[in-house]
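The following paragraphs walk through one protein model, from its overall make-up to single residues. Please keep the sequence and the coordinates open while reading.

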Amino acid sequence: MRTAVRVTAAAVLALGAATACAAGPEPGTQAGAVAPASPSVASPSVASPSGPTSASPAAVPAVLSFTGKTLDGTAFDAAALAGRPVVLWFWAPWCATCASQAWTVAEIAPAYRDTVAVVGVAGLGEEKAMKSFVTEFDLGGTTQIDDRTGALWRRFEVAEQSTFIVLDRTGRVVHRGFLDGEALTRQVETLARG
């Protein structure tokens, strides 16, 4: 039953996507919520998706040298993701396309948590709307960065939502742009196989 509701909801939401999801961060927005991080691995108190730990930390590529806060207020240091494939999902709470993709993200992120980090980057909305989006689509188990200032959107040159930036283990961008549920699942499966 839940799958049928998801498919129906995704179809309805996708219809509105063509007109609802083609804007980027506001020009002239002040950066500040997200700061560059030093190239080191985050301390245990910093939020990062759980995963295998290794004896020696991986080198931190420049693309993962940033920090921020999650929607629940926890400090986030992307350096903790070094050495693992990473999927950054740039979404907005009012975006119909983002809503249709949220179901897939909610299903695959926990399934691949130990091999591929999936991190949401919430922007272009109010905190209350972003938190409601996370609750509605069962995304609570996935790290969601609060990027209301648009600092990460600008840093990664994201001009529209929904955008996925997929990084391999070395931090090289292997995909930038739209992914539907099937394509996202294939990307994550491929990254997990390594």
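The model is a predicted one.

The protein has five helices and eight strands. Read from the N terminus, the order of elements is α-β-β-β-β-α-β-α-β-α-β-β-α. Of the 194 residues, 47% are buried. The accessible surface comes to about 9300 Å², and carbon and sulfur atoms hold 56% of that surface. Among contacts between residues at least 6 apart in sequence, 76% join residues at least 24 apart.

Consider the sheet next. Five strands form an open sheet in the order β6-β5-β4-β7-β8, and the pairing is mixed. β6 (144-146) and β8 (173-177) are the edge strands: each has a single partner strand, so one side of each lacks a neighbour in the sheet. Averaged over the sheet and with direction ignored, neighbouring strands are turned by 15° against each other. Strands of a sheet pair through backbone hydrogen bonds, either parallel or antiparallel. The pairing of β4 (residues 86-91) with β7 (residues 163-167) is antiparallel and has five bridges. Within this pairing, Val-86 has Leu-167 of β7 as its bridge partner.

Two helices can be described relative to this sheet. Helix α5 (residues 181-193) packs on the sheet, where it touches β4, β7 and β8, and its direction makes about 15° with that of β7. Helix α3 (residues 127-136) lies across β4, β5 (117-122) and β6, and runs at about 125° to β4.

Which residues of α3 are buried? They include Met-130, Phe-133 and Val-134. These residues cover an arc of only 95° around the axis, and therefore lie on the same side of α3. The buried residues of α3 pack against β4, α2 (96-111), β5 and β6. On the face turned away from the buried side, α3 carries the exposed residues Lys-128, Thr-135 and Glu-136.

The backbone has some points to check by torsion angle. Most residues other than glycine have a negative phi, and most peptide bonds are trans. Leu-124 has a positive phi, near 60°, and is not a glycine; this residue sits in the loop between β5 and α3. Is Asp-138 buried, exposed or partly exposed? Its relative accessibility is 40%, so Asp-138 counts as partly exposed, given that this class covers the range between under 20% for buried and over 50% for exposed. A further point is the cis peptide bond that joins Gln-161 and Ser-162, with omega at about 0°. Ser-162 lies in the loop between α4 (151-155) and β7.

The aromatic side chains come last. A pair of aromatic rings is described by the distance of the centres and the angle of the planes. How many aromatic pairs does a search of the whole structure find? The search finds 10. One of them is formed by Phe-66 and Phe-76, with 6.2 Å centre to centre and 35° between the planes, a tilted arrangement. Phe-66 belongs to strand β2 (residues 66-69) and Phe-76 to strand β3 (residues 75-77), 10 residues apart. Phe-66 is buried, at 2% relative accessibility, and Phe-76 is buried with a relative accessible area of 1%.

For Trp-89 and Phe-164, the ring centres are 6.0 Å apart and the planes are at 10°, so this pair is stacked. Because Trp-89 lies in strand β4 and Phe-164 in strand β7, the pair ties together parts that are 75 residues apart in sequence. Both residues, Trp-89 and Phe-164, are buried. They also belong to one aromatic cluster together with Trp-91, Trp-103, Phe-133 and Phe-137. Of these, Phe-133 was met above as one of the buried residues in α3.

Terms used. Residues are numbered from 1 along each chain as its sequence is written. This is a predicted model: local features need pLDDT of at least 70, side-chain atom pairs count only at pLDDT 80 or more; totals for chains, interfaces and linings use all residues. Side-chain values use heavy atoms; hydrogens and water are left out. Helices (H or I, at least four residues) and strands (E, at least two) are DSSP runs, numbered from the N terminus. Buried means under 20% relative accessible area, exposed over 50%, partly exposed in between (1.4 Å probe, protein chains only). Contact means heavy atoms within 4.5 Å. Accessible areas come from the Shrake-Rupley method with a 1.4 Å probe; for residues, only the protein chains shown count as cover. Two strands pair if DSSP finds at least two bridges between them. Axes are lines fitted to C-alpha atoms, for helices over the stretch in contact, and angles run from 0 to 180 degrees between N-to-C directions. The arc is that of the directions from the helix axis to the C-beta atoms. Rings of Phe, Tyr and Trp (its six-membered ring) pair if their centres lie within 6.5 Å; planes under 30 degrees apart count as stacked, over 60 as edge-to-face and the rest as tilted.
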